[in-house]
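Dear colleague,

Please find below the structure I promised to pass on to you. My notes on it follow.

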Amino acid sequence: MDKSGKRRRSVTIWSNLVVRAALLLCSAGVLRADEPYAPSRDYDLQHSKVALRFDVQQKKVIGDVTHTLTPLRDGVDKVSFDSVGLQIESVKVNRHAAKFSTTQEKLIVDLPNAGKIGEKYDVEIMYEGKPTKGLYFILPTKDYPNRPTQVWTQGESEDTRYYLPTYDYPNDRLTTETILTVPSDWLTVSNGKLISTSDAGNGMKTWTWRESVPTSTYLFSVVAGDFVEVKDTWRNIPVTYYAPKDRGDRLAANYSRTPAMIDLFSKKLGVDYPWEKYAQSMVDDFVAGGMENSSATTNTASSLRNPKLVPEYPTDEDGLISHELGHQWFGDLVTTKDWGNIWLNEGFATFMETVWTEAHYGKDQADYDRWQESRKWFQQHNLYEKPIVRHDFDDSSEFDGNAYGKGGWVLYMLRHQLGEDRFYAGLKHYLEVNRGKNVVTADLVKAIEEVTHTDVDQFFDQWVYGAGAPKLEVSYAYDVEKKQVALTVKQTQKVEGHMGLFRVPVDVEITNATGPKLYPVVVSQAEETFTLPSSSAPQMVLFDKGNQVLKSMEFKKDKKELLYQLKNAGELADRADAAVALGKMKGDDEAASALGEALRNDRARGVREVAAAALGDLNSSLAAKQLLGALDQVKEPEVRASVVQALGSFKETPEITAKLESIAKDDASYRARAAALGAIGQMKTPKAYETLTVAVNSESPDGFLRDAALRAFGPLGDDKAVPLLREWAAPGKDTRSREAAINSLARLQKNNKEITNQIASYLNDSEFRVRVASIFALGSRGDASAVPALEALLKSDDLSIEMAPMIKTQIHRLKNPGKTAAGGPMGMDEESESAAKSKEDERLSHLEQLVEEMNARLKTIEARLPATTKARP
Ligand SMILES: [Zn+2]
């Protein structure tokens, strides 16, 4: 269901969203904004031999790297490498000691002579460091003694330099050799082929990996630790999966479709999977959803869903898996030259998710995903005025919903306009001519034109270099005499800045007594009327049949037509649109009956889910009856969960309560049970406290129901839950349970300082997610006595810089209760209460946009957070 469209769903969700935003923010990893343009180069880095050892207890990396490079112009007498926080021990050039100096961000090495183009230099750097990012150590702790030990890296966007002095921008490519000396019972994974392993004495073992296809340094990867491996193949290429050693049994259920995806993408693109192997390593506490390191993707271990829950998630982790796999072509084989063109990586990876969904799960599922994606994109208002390609992202991240969601949509529209065959012929050519190179958007345009001979400049100008998407008002009138439909279309977006009027081909379908007929039109004016024949009055007029254009649309239709459309439109998107429109007809019984019918019988799961939510929006007694009745019939877990969730928005009645209680207790679907617990908390049913307490103590896979119950205690607001929540917030408990408990705890006994102190004590917790949850819990709790603890955190050394604004915002909230703004002097005392209120709304809406933007960067992370941070089950 459309998560972001349901703002009324309260503070739990809100605080969950904030936690997720924080997680994503951290993953964006910006000490400073990324360099928007590629730097000019003095040298070409051709090969790096990287030997690493780890002092795990000290969280230290000990490195010996030899870079082979050649000057790109005559007279280069110094070469500089990106290097942050590393202790450089020695540097040799061509085996002789060399002079070097360091700054905060660079290592500068003197060459023995003024270099000439074509000369080769081997620069060997010995160093060590305790990286604050780029390389991460996951270790057992006092509270979590059984946690498997892991060391892993995350280079994108500019973090490789925190553990390896190197050229750290995408516009250079090199081959690599990675030599890892680790305890002999560890496994390691890096880019390319495993060349050898050898005994290194003292219980240590050395692993040598070699990547012979040149790649950029942000795609360099090391994973090492207590892992287990499962092996598979695709056309004799090794396909391997790695899980933390206690979760190896989860690999098959979640990842076994990988070879089928490799096969599909190779065939569709006409370019075979280009690397020597494909490894996917699932690591704990990962700072992103997934990362497409060349031939060696790293994903969050949360993608290893409990096999008992897997059947309840229809497309499972395939979004994440297909996204990172898509990058192996788009991003890794052909790489954006600069961060301003990042959509060439992310838009394509997002598009490739659809390619898999469509082939494996069918057109309806792909259409549903795309329908939701466009609604989500329009809700991120801050994206609207920005072009996809831009170089002015100083104060925000370039990894936004334009690079991902809109980028994927643009490619979908291009496919629709060019036709499947011509589109893929264009992509094949693009991949072939740019193989192993760095690209900008113009390279894509050129490749498509060379093959299709179709000019796509105007398409790219409006969709990629221009901002926004059409906002349309559509209406029609039927002229009985002339037998004509006069269809009026207005473009209502503000034409200014990067935004113009759009020129888009659109399919109009008119259905009358003789059946449906399709009329292609081209919309290009601020306002225009198309006159189309119809031998009798239309039963239904579809503008942009099947939702082929990214747009928002107000198309006022009478109830009769909407009822017809919900039942008869051939495409999922048109039926879903009708369901949403009918959900707005408050108290209308015909709408409720029709939605109930769609909920029970529509052939597409997506429409059934939308119908359930629309019945929740109607909120009439007949709507409740439809939802309750559907529960006897609807079996799919995701639809049941939608129905139950919709019921949570009704006023409490004995009948609804009884149903929710019974589902919470013993429904066949865990998702429906979790949704019922949430609805019970939200409705504050008479026995809510008892039901939720029982659920906290019940057994379920990975504590799925327990976490749902802990979350539901917040909206329930019953102080009796405090001791239980305090217990589950404590170190030693499951991280996701702790997050849920902390969120709920923050909303109870607001004057109880002990609770505030307990939450404040987690600001330095060993679990990153718990730290973030605590920061926001303190802000929402409103107890100003937490300010000194937050201020102390702000001053701490190892705080990543992107955390600071979040903490500051929470401090500001606490210091300015009831009329807070997102920071900065606002002269709030002068303002009237209503102005303050609207500021608060604005702030919340701004934060929510931020959340959405961050979400978009890692939308695949959604799938991995079922129990804690997902707003809806
Ligand atoms: Zn991506």
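**Packing in the model**

Please bear in mind that this is a predicted model. The buried residues of α16 pack against α14, α15 (605–618), α17 (637–647) and α18 (654–666). Helix α16 itself covers residues 621–630, and its buried residues are Ala-623, Ala-624, Gln-626, Leu-627, Leu-628 and Ala-630.

Ala-630 also belongs to a nonpolar core of 99 residues, whose members include Ala-579, Val-634 and Leu-692. That core lies apart from the largest nonpolar core, which has 148 residues and in which Phe-54, Trp-343, Phe-460, Trp-463, Leu-487 and Phe-543 touch the most other members.

Asp-588 counts as buried because its relative accessibility is 18%, and the cut-off for buried is under 20%. A polar atom of the Asp-588 side chain lies 2.9 Å from the backbone nitrogen of Ala-591, and, with neighbours within four places in sequence again left aside, Asp-588 is in contact with Lys-559 and Leu-618.

With best wishes

Methods. Residues are numbered from 1 along each chain as its sequence is written. This is a predicted model: local features need pLDDT of at least 70, side-chain atom pairs count only at pLDDT 80 or more; totals for chains, interfaces and linings use all residues. Side-chain values use heavy atoms; hydrogens and water are left out. Buried means under 20% relative accessible area, exposed over 50%, partly exposed in between (1.4 Å probe, protein chains only). A polar contact is a pair of N or O atoms within 3.5 Å; within protein, one must be able to donate a hydrogen and the other to accept it, and residues adjacent in sequence count only if both atoms are side-chain atoms. Contact means heavy atoms within 4.5 Å. Helices (H or I, at least four residues) and strands (E, at least two) are DSSP runs, numbered from the N terminus. A nonpolar core is a set of buried Ala, Val, Leu, Ile, Met, Phe, Trp, Tyr and Cys residues joined through side-chain atoms within 4.5 Å.
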